[in-house]
Amino acid sequence: MSRNSALPAWTTPDAAPDLLAPPRRSVVLVGMPGCGKSSIGRRLATKLGLPFVDADTEIEAAAGLPITEIFTRYGEPHFRDGERRVIARLLAGPPLVLATGGGAFTDARTRAAVAGSGAVAVWLRCSLPVLLRRVAGREHRPLFLNRDPREVLERLMTVRHPTFAEASVIVDCTDEPPETTTRRVMEALAGYRAPARLPVRLAERSYDILVGEGLLTRAGSLMAPVLPARRVVVVTDQSVAPLHLPSLRAGLESAGVEVLAVVEVPPGEASKSFAQFERVVEAALASGADRRTAIVALGGGVVGDLAGFAAAAALRGLPFIQVPTTLLAQVDSSVGGKTGINLALGKNLVGAFHQPLLVLADTGVLATLPVRELRAGYAEVAKHGLLQGALWDWCEAEGARAVADDPVALAHAVLESCRLKAGVVAADEREESAEGGRALLNLGHTFGHALEAECGYGGTLLHGEAVAVGLGLAASLSARLGHCAQELPGRVMAHLQDCGLPARIGDLPRGFSAAALMGRMRKDKKVRDGAMRFVLLRGPGEAFTTADVPPQAVESLLRDEGCHE
């Protein structure tokens, strides 16, 4: 079995894998004693045209002592430190195939050195019966001396398999000839795709966004380096759980991450409530969660906001990981640390800034989204396009492919949206900039949140649909106030409608009161000193925040769009 994710690390994106092409990175083989690291490594190196190096041989040469004597004289901590330095030195040089000792990859600093070097770690995974047959006759080795090989291997597998699972590629080995296994390793390497990794730079709260396919099945190995302890509580909803919880759970358990509890909430915005918040916190604490237990949000924006707020409040703060499963959550709500729940007065009025440790955006899960949900998520992509400029050009040219579930277009939309948002959040984490900054991400949201609140969060109007209408209204208001070209609102609304989204109040299935919407907007959390604030446009890539908007201009726009008194 090999693991795959989104962006090519082994081959070029436009070329078919060439199994004989020299790789650009080193290959590090890890696994149990008897898995064949040396025999497979030599064959692999020959086929790849790379040198083969055995780490244990290098360590013995550097120390001038056999490994058994190093252990005897100086102990394991001393040996592991030297082993890590030797491996780091080897990986700092030209590409090679490196076979490591059985315990090397269990050392966290060695794993970090391998990852930091850009090498691809390959776990040669063998079952216990295969290993027992392979180590037969090795009872004289120190590891097995005067011991039952089965007991030794079972103990080591329990300890080491969770860390071996952090390897980038896993190949299951059987009693087949080594040449056959070597061929399968090469095929796995040729098919390997590393996830794109985008940093959100927030000093001690910095974290990465990983974007790619197949990340759920690798969740444990990808989370393990940042988890304080290998135990989590998963929060999801009743629609997402049947689709994606089994893959997530398997991915966690393969890396030895214990799932203390799974909390399922009803799908939909109504779950962002005090009642569900209390339920999540009580379930997490009842399961034995402590301050080293992470809350994992598996779902869309509702689950992420709710679980994140529960993590922020429980025990005065638990670690938190976002695993977004909707387009809207992957491109927007999972990044930036905004968490919260709704009140009858409006959306997200109770919450906290609580940054995740990691965001895992598995673009493969988007194929399971209902069409309406996918289109609603695209509204946030369009918003990011209008903020960034070049991305808006892409939206107008390729956005229809994204809402048609084209995986390449969706991956691009997620990656570029996350890139934009990561930069904005890093510059203005808590939305404290006097002008612009993170507040720009609210483009379309002042109108959108008011429409959502009027609809009551029951599913009549999805968040992304409200944002789409809000984008049309923001562009129209910008044009009315003379800030942008008069044709921009038509471009924005036409594009959104072409993508199957509502873009005008008249596109929605119910009517609205202009006075009620104005009242909602006056209670928006972005209001300062009683003045409504809007994000407006001078053009794509030229957004700005302002409170200099006459209320009568807003009310006139709403009436012209079909709102009654």
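In what order do the 5 strands of the open sheet stand, and is the pairing parallel or antiparallel? I started there, bearing in mind that this is a predicted model.

Entry: I read the strand order as 3-4-2-5-6, and the pairing is parallel. Next I looked at the edges. Strand 3 (52-54) and strand 6 (169-173) sit there with a single partner strand each, so one side of each has no neighbour in the sheet. Going from one strand to the next, I get an average twist of 25°.

**Entry: one pair up close.** I picked strand 2 (residues 27-30) and strand 5 (residues 120-126), which run parallel and are joined by 4 bridges. One residue I looked up was Leu29, and its bridge partner in strand 5 is Val122.

**Entry: helices on the sheet.** Helix 8 (residues 178-191) packs on the sheet and touches strand 2, strand 5 and strand 6. Its direction makes about 160° with that of strand 6. I then turned to helix 2 (residues 55-63), which lies across strand 3 and strand 4 (97-99) and runs at about 60° to strand 3.

**Entry: a helix pair.** How do helix 4 and helix 5 run relative to each other? I found that the axes of helix 4 (residues 76-91) and helix 5 (residues 108-117) come within 9 Å and cross at roughly 5°. The two helices are therefore roughly parallel to each other. From helix 4, I noted Asp81, Arg84, Ile87, Ala88 and Leu91 in the contact, and from helix 5, Arg109, Thr110, Ala113, Val114 and Ser117. Sorted by class, that contact has 5 nonpolar, 2 polar and 3 charged residues.

Notes
Residues numbered from 1 in each chain as written. Predicted model: local features only at pLDDT ≥ 70, side-chain atom pairs only at ≥ 80, totals over all residues. Heavy atoms only, no water. Axes fitted to C-alpha atoms, helices over the stretch in contact; angles between N-to-C directions. Parallel < 35°, antiparallel > 145°, perpendicular 65-115°, else oblique. Contact = heavy atoms within 4.5 Å. Nonpolar A, V, L, I, M, F, W, Y, C, P; charged D, E, K, R; others polar. Pairing = 2+ DSSP bridges.
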